[in-house]
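User: I have a model open and want to go through its packing. Can you take me through it?

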Amino acid sequence: MSHSQSQIGYLVPLNLNLEENHSLPKLPISRGSNNIGRLHLSVPDKRLSRQHLTLTASHDGSVNLFAEGTNPIVVRTGDQSQRRKLKPGEMVLISNGDVIELIPGQHFFKFVASSIPSNSNGKSSSPNMPKIKRPYNDGEGQAIRKKMREAAEDRAKTVSKSSKVEVECSGSGNSEEAIRKFRVPDGKLPFTFRLMKVQGLPAWANTSCVSINDVIKGDILFAVLSNYMVEMDWLMSACPTLKQVPHVLVIHGEGDGTLEVMQRSKPAHWILHKPPLPISFGTHHSKAMLLVYPRGVRIIVHTANLIHVDWNNKSQGLWMQDFPWKDEKNQPKGCGFENDLIDYLSALKWREFAVNLPLLGKFTINPSFFKKFDYSNAAVRLIASVPGYHTGANLKKWGHMKLWNVLQECTFAKEFKNSPLAYQFSSLGSLDEKWMTELATSLSSGLAEDKTPLGLGEARIIWPTVEDVRCSLEGYAAGSCIPSPFKNVEKAFLKKYWSKWKGTPTGRCRAMPHIKTFTRYNGQKLAWFLLTSANLSKAAWGALQKNNSQLMIRSYELGVLFLPSSYNGHGYGFSCTDNGMPAETIKHGSRAGSDVSGTQLVTLAWQGTKDSSSEVISLPVPYELPPQPYSSEDVPWSWDRRYTKKDVYGNVWPRFV
C-alpha cells in the first residue's frame with residue numbers, strides 16, 4: 001500500500017463470526033490512495049488480485065472503495081444487513097464500521113476510522129451513496145492492462161465447467177484427434193517432447209501429457225528452478241515433493257513487489273536469485289529445472305511459468321532427459337550439449353554456495369558443478385539467449401545466431417530446400433521487415449544432401465484470432481497471457497504472415513498457446529523443431545548491429561532443438577527415478593551434425609509408413625501444419641483493444657469497461 005503522512009484508520013481482519021482475527025495484521029489506511037491486494041494479506045487465494053482494491057481517503061474523512069481486481073467485492077453497510085456487491089470497475093463510499101468481503105463470503109475486513117467525521121450518527125454524510133461506474137479512459141486502460149500481465153494467474157477461470165458451456169466457435173470440434181495414438185517408449189522420450197495436461201479437455205486430449213508432479217519426483221537432493229514468474233504458495237501446494245528437497249535455488253525474473261512476497265512465502269532454506277539485466281526492457285524468461293539425484297541429473301526445459309494458470313489452462317510443452325554422473329576413471333569428452341549448458345549457466349551469475357549431498361559428499365554449487373554429469377547421449381541441442389552486446393567468438397553463441405550456427409553444420413533431406421518456416425509463440429514484439437528477414441535467414445540455415453544451401457524459407461506466424469480467445473477455455477481472460485498490444489499487431493507488413501491457431505491434432509483449439517515453437521516443415525515432415533521460451537521479438541532472439549558484427553540481446557531465453565541427426569537408436573533408457581538402464585551400460589553414439597539417413601521428424605498427423613531401415617520420431621506439434629492463412633474476417637488478437645461480443649462466460653473485454 002502507498003500512504004500519505006496522515007493515517008485515518010485501519011482495515012481490521014475479521015473471522016467468519018465477524019470478530020477480530022488477531023492472527024492477521026491490521027492494514028493502516030492513510031489519506032490519499034491505498035492499494036490493497038494479495039501481496040499485503042498473507043492469504044494464499046489466487047482469486048485475490050495483486051491490486052484487488054483501492055481505498056482513496058480524502059481530507060474530509062470520506063473513503064471511496066474502488067474494485068480493481070477481476071472478482072467482485074462485497075461491502076456491508078449499516079448494521080451489516082445491507083450487502084452491496086461491487087463488480088470490477090465499480091466504486092462506493094465506505095464509512096466507519098463497514099465490513100468488506102474481499103471475495104463474496106470470504107476474507108472479511110472492517111474499516112475502523114481513527115477519527116469519525118462530526119455527524120450525528122457517527123457515520124459519514126453519505127452512507128447510501130450509490131455505486132458509481134468508473135469511466136473508462138485510455139490512460140487508465142493501459143495501466144490496468146499492465147497489471148493484468150503482471151498478475152496473469154489471477155485471470156484463471158474454473159475451466160472444468162467450461163466443457164458445459166455452449167460454444168458457438170469454429171474449431172471447437174476435433175475430427176483428427178491424432179494425439180490419441182501418441183505413445184513413446186521410455187527409452188525414446190528424450191527425442192520428443194510432451195504437452196502439458198489441460199483441465200477441461202477430454203481425456204484423450206491429455207494422452208501422454210504431463211503435469212508438474214510427473215517430472216518433479218523421486219529422491220531429489222538439490223534443485224535449480226529457473227523461470228520468469230513464480231507463485232510460491234501454488235508451487236508448494238501443487239508439488240509437495242519440493243518441500244522435502246534439502247537445497248533449492250530459484251532463478252527468477254520477478255519484480256521487487258512480488259519478490260517481497262516470494263521472500264516471505266518461500267521455505268527458509270531456499271535461495272532466490274535474479275540474474276543481471278544489463279540492457280533495459282529485458283527479462284529473465286527461461287523456463288527450466290535441473291534436479292540432482294543420487295543417480296544423476298534430470299534436465300527439464302519447458303514453457304510454463306510456475307503459476308497455476310500456466311500448468312492447468314494453457315497449451316504448453318516440456319522436454320526432459322536424465323543424465324548419469326560421470327565415471328571418474330573413464331571421463332567422456334565434453335559435447336555440444338554440455339558446452340551449451342555450462343556457457344548458459346555461467347551467464348546467470350548466481351553466488352556459489354556449498355551443499356552436503358547425502359552419500360555423495362560436499363560440493364560447491366556453481367556452473368562447473370554441472371560438468372560432473374555425462375551428457376554425451378543428449379538427444380537435443382540447447383539454444384539460449386543471454387543479454388548483452390555479443391561480438392567476436394560470442395556472436396554465434398546466443399539467440400538466432402546460435403541457431404544459425406548449429407543448423408549450418410547439419411545436412412537435411414532435399415525435400416526441405418526452400419521449404420517454409422513456422423513461428424508460433426505467445427507475445428509479439430515491435431518488429432520490422434528487415435529484422436524478419438534477418439531471423440528467417442538464420443532459421444533457413446543448413447545444407448541439403450547435395451551440399452547446396454537449403455535456401456530461404458517463407459515464414460508463417462501462427463497466432464490466435466480474437467475469436468479463438470473469445471471461445472477459449474478461459475474466454476477473454478486467456479488474452480491476458482497473450483500480451484501483445486495493437487501497435488505491434490496492426491503493422492501492415494505482418495498481414496502476409498498471419499496463420500491460424502488450429503489445435504485439432506491435439507484437441508487444443510480452445511487451450512490458448514503459451515507454448516513457443518519454431519520449425520521448418522514440408523507437409524507433416526520436419527527438418528528441425530525448436531521448443532523454447534523465446535517469443536517473436538528482438539529482445540528474445542537478438543538483433544544484428546554494426547554491419548552484422550554485433551548481436552544485441554535483452555533477455556534470457558532457453559530452448560531445445562530437435563534434429564533428425566541426434567538419434568542413434570540406443571542408450572537412452574537411463575532414469576534418475578526408475579530402475580532404468582544402469583549408467584554403466586549406456587553407449588555413446590553419434591551427435592548432431594552426423595549422417596541423417598534413415599531418421600525423420602514428423603508431426604502426429606503424419607500418415608506415412610515406417611520403413612524398417614529408418615526411424616521415425618513423432619513430435620506432438622499442437623497445431624496444424626501447414627498452417628491455414630487468416631481469412632478476410634479473421635482479426636489477430638491484441639490485448640489492449642475493446643471486444644464487445646461476449647465470450648463463453650458472458651464477459652466482454654476488458655472486464656473494466
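Analyst: The largest nonpolar core has 126 residues. Those with the most contacts inside it are Trp319, Phe337, Phe370, Tyr423, Trp528 and Leu536. A nonpolar core here is a set of buried Ala, Val, Leu, Ile, Met, Phe, Trp, Tyr and Cys residues joined through side-chain atoms within 4.5 Å. Buried means under 20% relative accessible area, exposed over 50%, partly exposed in between, with a 1.4 Å probe and protein chains only. This is a predicted model, where local features need pLDDT of at least 70, side-chain atom pairs count only at pLDDT 80 or more, and totals for chains, interfaces and linings use all residues. Residues are numbered from 1 along each chain as its sequence is written, and side-chain values use heavy atoms, with hydrogens and water left out.

User: Which helix gives the most to this core?

Analyst: Helix 6 does, with 7 residues. Helices (H or I, at least four residues) and strands (E, at least two) are DSSP runs, numbered from the N terminus.

User: What does Trp528 touch?

Analyst: Its contacts (heavy atoms within 4.5 Å) include Leu403, Phe412, Phe518, Arg520, Phe562 and Leu601, not counting residues up to four places away in sequence. There is also a second, separate core of 33 residues, which includes Val245, Trp270, Leu291 and Cys576.

User: Aromatics next. How many pairs does a search of the whole structure find?

Analyst: The search gives 28 aromatic pairs. Rings of Phe, Tyr and Trp (its six-membered ring) pair if their centres lie within 6.5 Å; planes under 30 degrees apart count as stacked, over 60 as edge-to-face and the rest as tilted. In one of the pairs, the rings of Trp319 and Phe337 have centres 6.2 Å apart and planes at 50°, so this pair is tilted. Trp319 is in strand 18 (residues 317–324) and Phe337 in helix 6 (residues 336–348), 18 residues apart. Both are buried.

User: And Tyr423 with Phe518: what are the distance and angle?

Analyst: That aromatic pair is tilted, 5.5 Å centre to centre with 45° between the planes. Tyr423 lies in strand 24 (residues 421–424) and Phe518 in strand 28 (residues 516–522), so the pair ties together parts 95 residues apart in sequence. Tyr423 has a relative accessible area of 0%, and Phe518 also has 0%.

User: Now sheets. What is the strand order in the open sheet of 7 strands?

Analyst: The order is 12-18-17-16-13-14-15, with mixed pairing. Two strands pair if DSSP finds at least two bridges between them. Strand 12 (194–195) and strand 15 (271–273) are at the edges, each with a single partner strand, so one side of each has no neighbour in the sheet. Strand 16 (residues 288–292) pairs with strand 17 (residues 296–302) in the antiparallel sense over 5 bridges. Met289 is opposite Ile300 in strand 17.

User: Where does Asn227 lie, and is it buried or exposed?

Analyst: Asn227 is in the loop between strand 13 (222–226) and helix 3 (232–238). Asn227 is buried, with a relative accessible area of 0%. Residues that Asn227 touches include His252, His284, Lys287 and His302.
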